[in-house]
Amino acid sequence: MSITVRIRQDLIDKILVDLRRPHAFAHERVGFMYCKQTALAVGPLLLAYAYEPIRDDQYLEDDSVGARFDSSSIRQAMQFALQHEVAVFHVHLHDHVGRPGFSRTDSREMQALMPCFVNVQPNRVHGALVLSANSAVAQVWSTDTSHGVMVQKITFVGAAITFITDTYDKRTV
């Protein structure tokens with residue numbers, strides 16, 4: 001199965017502005033991106049159309065991780081997925097140039113979080129997206145997978161179109 005995620009450049013810009021905002025005690029910001037899903041012959045196509053940041057009051061103080069948030073933020077995202085029949089992506093930023101990666105903490109926490117979304121909206125794939133200053137990486141979970149599967153292609157669509165593949169063949173046209 002080949003998975004493609006397309007995100008409008010203006011939405012990426014909005015997400016990056018939000019994720020770069022300082023917080024009183026959290027070391028990084030987190031939000032949820034929502035995607036419409038359609039089927040292609042090769043696999044799902046996810047079209048990102050909305051982003052919701054986690055509110056300041058939903059973060060929990062915990063110096064062992066970059067950001068910890070309360071269950072109300074997860075319930076809100078689950079409710080949105082249920083109500084709008086969409087895929088949900090947990091989004092955060094590793095603010096450097098080049099291809100980001102999932103830390104051990106990212107992988108462990110996403111493995112625990114993603115089944116919540118799969119259970120509430122089993123006909124969609126849900127995932128985790130890590131952005132950098134100029135790139136991205138994502139994994140998805142579905143009823144067919146017990147662990148995250150890497151997204152093969154992420155496309156930022158704007159005046160220029162940027163393709164980011166799983167082999168990091170980044171091209172802008």
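Modeller: A residue is called buried when its relative accessible area is under 20%. Keep that cut-off in mind as we look at this predicted model.

Biologist: Happy to. Which residues of helix 1 are buried?

Modeller: In helix 1, residues 9-19, they are Leu11, Ile12, Ile15, Leu16, Asp18 and Leu19.

Biologist: How do you know which side of helix 1 they are on?

Modeller: Their arc around the axis is only 160 degrees, so they sit on the same side of helix 1. An α-helix has 3.6 residues a turn, so residues three or four places apart point the same way.

Biologist: And what do the buried residues of helix 1 pack against?

Modeller: Their partners are strand 1 (4-8), strand 2 (30-40), strand 3 (43-53), strand 6 (87-93), strand 7 (126-131) and strand 10 (153-157).

Biologist: Now the cysteines. Why is Cys35 called buried?

Modeller: Its relative accessible area is 0%, and the cut-off is under 20%. Cys35 therefore counts as buried.

Biologist: Lastly, which element gives the most to the lining of the largest pocket?

Modeller: That is helix 3, residues 104-120, with 7 residues. The pocket has a volume of about 350 Å³. Of its 19 lining residues, Ala67, Phe69, His90, Glu109 and Met110 are the closest to the centre.

Conventions: Residues numbered from 1 in each chain as written. Predicted model: local features only at pLDDT ≥ 70, side-chain atom pairs only at ≥ 80, totals over all residues. Heavy atoms only, no water. Buried < 20%, exposed > 50% of the residue type's maximum accessible area, 1.4 Å probe, protein only. Helix = DSSP H or I, 4+ residues; strand = E, 2+ residues; numbered from the N terminus. Arc of directions from axis to C-beta. Contact = heavy atoms within 4.5 Å. 1 Å grid on protein atoms, 1.4 Å probe; cavity = no way out; pocket = protein on both sides within 12 Å on 5 of 7 lines; lining within 4 Å. Points joined across faces, edges and corners; volume = space filled by probe spheres on them.
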